[in-house]
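Colleague: Could you take me through one part of this model in some detail? I would like the cut-offs along the way, please.

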Amino acid sequence: MPAAPLIRHAGEGVHNEAFALPRTFKVLPEDVDGAFSVWEESVPEGVGPPLHVHRGQHELFAVLEGRLRFRCGDESGEIGAGGTVLIPPDTPHAFRGLAAEGSRCLITLTPGGGANFFLEVEREGLNPGEHMPRIVEIGLRHGLEFVGPPLD
């Protein structure tokens, strides 16, 4: 069945705050038969996920505001507003917010099922300080594997 048209205005979508990173899902995998997912994410200065891989999924970051430091495979660097980073499947990567005023990016994951990881983590009320084994289990089920620490 083809996907139905979907219009989301600024601020609209499915709000999620797993890992204390506010995000709004603009397109969920179920909106497009699992083809992709898209969300807007706010990244405070000094914050970012541990080094991880998405098994069989491409991830694209478009920086809308601020500045982020990325590590993607053997490459690393900073990217500001207007820049993009494409992460191939199975490539270890991490990012960290650099801007004092925070950063904002638009993230696309294809296929999109990995977005459900964040929804499930929030639904269960999990946080890394107390529930990392459960978070790892959920991640593996959604094609996400943690392979190292966050960036310094």
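Is Phe-25 buried or exposed, and what surrounds that residue?

Modeller: Happy to. A word on the basis: this is a predicted model, in which local features need pLDDT of at least 70 and side-chain atom pairs count only at pLDDT 80 or more, while totals for chains, interfaces and linings use all residues. Residues are numbered from 1 along each chain as its sequence is written, and side-chain values use heavy atoms, with hydrogens and water left out.

Phe-25 is buried, with a relative accessible area of 0%; buried means under 20%, exposed over 50% and partly exposed in between, for a 1.4 Å probe and protein chains only. Leaving aside residues up to four places away in sequence, Phe-25 touches Arg-8, Gly-13, Val-14, Asn-16, Val-38, Trp-39, Ala-115, Phe-118 and Leu-119, where contact means heavy atoms within 4.5 Å.

Now the rings. The whole structure holds ten aromatic pairs; rings of Phe, Tyr and Trp (its six-membered ring) pair if their centres lie within 6.5 Å, and planes under 30 degrees apart count as stacked, over 60 as edge-to-face and the rest as tilted. One of these joins Phe-19 to Phe-117, stacked at 5.8 Å centre to centre with 20° between the planes. Because Phe-19 lies in the loop between strand 1 and strand 2 while Phe-117 is in helix 1, this pair ties together parts 98 residues apart in sequence; helices (H or I, at least four residues) and strands (E, at least two) are DSSP runs, numbered from the N terminus. Phe-19 is partly exposed at 25% relative accessible area, whereas Phe-117 counts as buried at 2%.

Phe-25 and Trp-39 make a tilted pair, 5.3 Å centre to centre and 55° between the planes. That pair links strand 2, which holds Phe-25, to strand 3, which holds Trp-39, 14 residues apart. Trp-39 is also buried, at 1% relative accessibility. Phe-19, Phe-25, Trp-39, Phe-117, Phe-118 and Phe-146 form one aromatic cluster.

Finally, the core. The largest nonpolar core has 26 residues, and Phe-25, Trp-39, Phe-61, Leu-68, Phe-70 and Phe-117 touch the most other members. Such a core is a set of buried Ala, Val, Leu, Ile, Met, Phe, Trp, Tyr and Cys residues joined through side-chain atoms within 4.5 Å. Helix 1 gives the most to this core, with five residues. In soluble globular proteins, nonpolar side chains tend to be buried together.
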